[in-house]
Amino acid sequence: MDSNTPQLESIAKDVTQYINLRIDGLKLSLAKGLSVGGGFALTVFIAILLANFALLFFLGAVTYWVGEALGSMALAMLIAGGFYVLLLALVLVFRKRLITNRLVALFCKLFFDNDKKEHHHHKEHGYE
C-alpha cells in the first residue's frame, strides 16, 4: 500500500488543482456576467434618464401649447396629468409582456449566449 501513496497524493493534488481551476473559472464567468450586466444596466439607466428629461421638456411645451389653444393652463395641466395616469395604467396592465418577459429574455441571452461561445471555444481547443 506504501507504493501507491505517492500516486494517490499526486491524484489528490491534481483533483484539488482541477477543482480550484474550476472555481476560478466560475468566478471569472460571474465577474464577466456581472460586469456585462452592470454595464448594460447603467447604459439603460442613463438612456432612460436622458429620455425622461427630453420627454419632460417636450410635454411641457405641448402642455403650454394646449393651454394657449384652450385658453386655460389649468385644463392643459389636467389633460397632461390624465395622459400620465393613462400611461401608468397601461404600463401596469402590460408590465409582464412589455418589461418582465423582455428583461428575462435579454438577460438569458446575455449570460447564456456567452457561455455557449466559451463552450464552443473550449471544445475547439480541446479543453474539455
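This is a predicted model: local features need pLDDT of at least 70, side-chain atom pairs count only at pLDDT 80 or more; totals for chains, interfaces and linings use all residues.
L106 has a relative accessibility of 30% and so counts as partly exposed, where partly exposed lies between buried (under 20% relative accessible area) and exposed (over 50%), using a 1.4 Å probe and protein chains only. L106 sits in helix α3, residues 95–124.

Residues are numbered from 1 along each chain as its sequence is written, and side-chain values use heavy atoms, leaving out hydrogens and water.

Overall, the protein has 3 helices and 0 strands, which run α-α-α from the N terminus. Helices here are DSSP runs of H or I with at least four residues, and strands are runs of E with at least two, numbered from the N terminus. Of the 128 residues, 7% count as buried.

Now to the packing of the helices. Helix α1 (residues 5–70) and helix α2 (residues 73–93) pack at about 140°, and their axes are 7 Å apart. The axes are lines fitted to C-alpha atoms over the stretch in contact, with angles from 0 to 180 degrees between N-to-C directions. The two helices are therefore oblique to each other; that word covers what is left after roughly parallel (under 35 degrees), roughly antiparallel (over 145) and roughly perpendicular (65 to 115).

Contact means heavy atoms within 4.5 Å. The residues of this contact divide into 13 nonpolar, 2 polar and 1 charged, with Ala, Val, Leu, Ile, Met, Phe, Trp, Tyr, Cys and Pro as nonpolar, Asp, Glu, Lys and Arg as charged, and the others, Gly among them, as polar.

T63 belongs to helix α1. Leaving aside residues up to four places away in sequence, T63 touches M73, A76, M77 and A80.

| Residue | Relative accessible area | Class |
|---|---|---|
| T63 | 10% | buried |
| F83 | 41% | partly exposed |
| Y84 | 37% | partly exposed |

The structure holds 1 aromatic pair. The ring centres of F83 and Y84 are 5.9 Å apart and their planes stand at 65°, so the pair is edge-to-face; rings of Phe, Tyr and Trp (its six-membered ring) pair with centres within 6.5 Å, and planes count as stacked under 30 degrees apart, edge-to-face over 60 and tilted otherwise.
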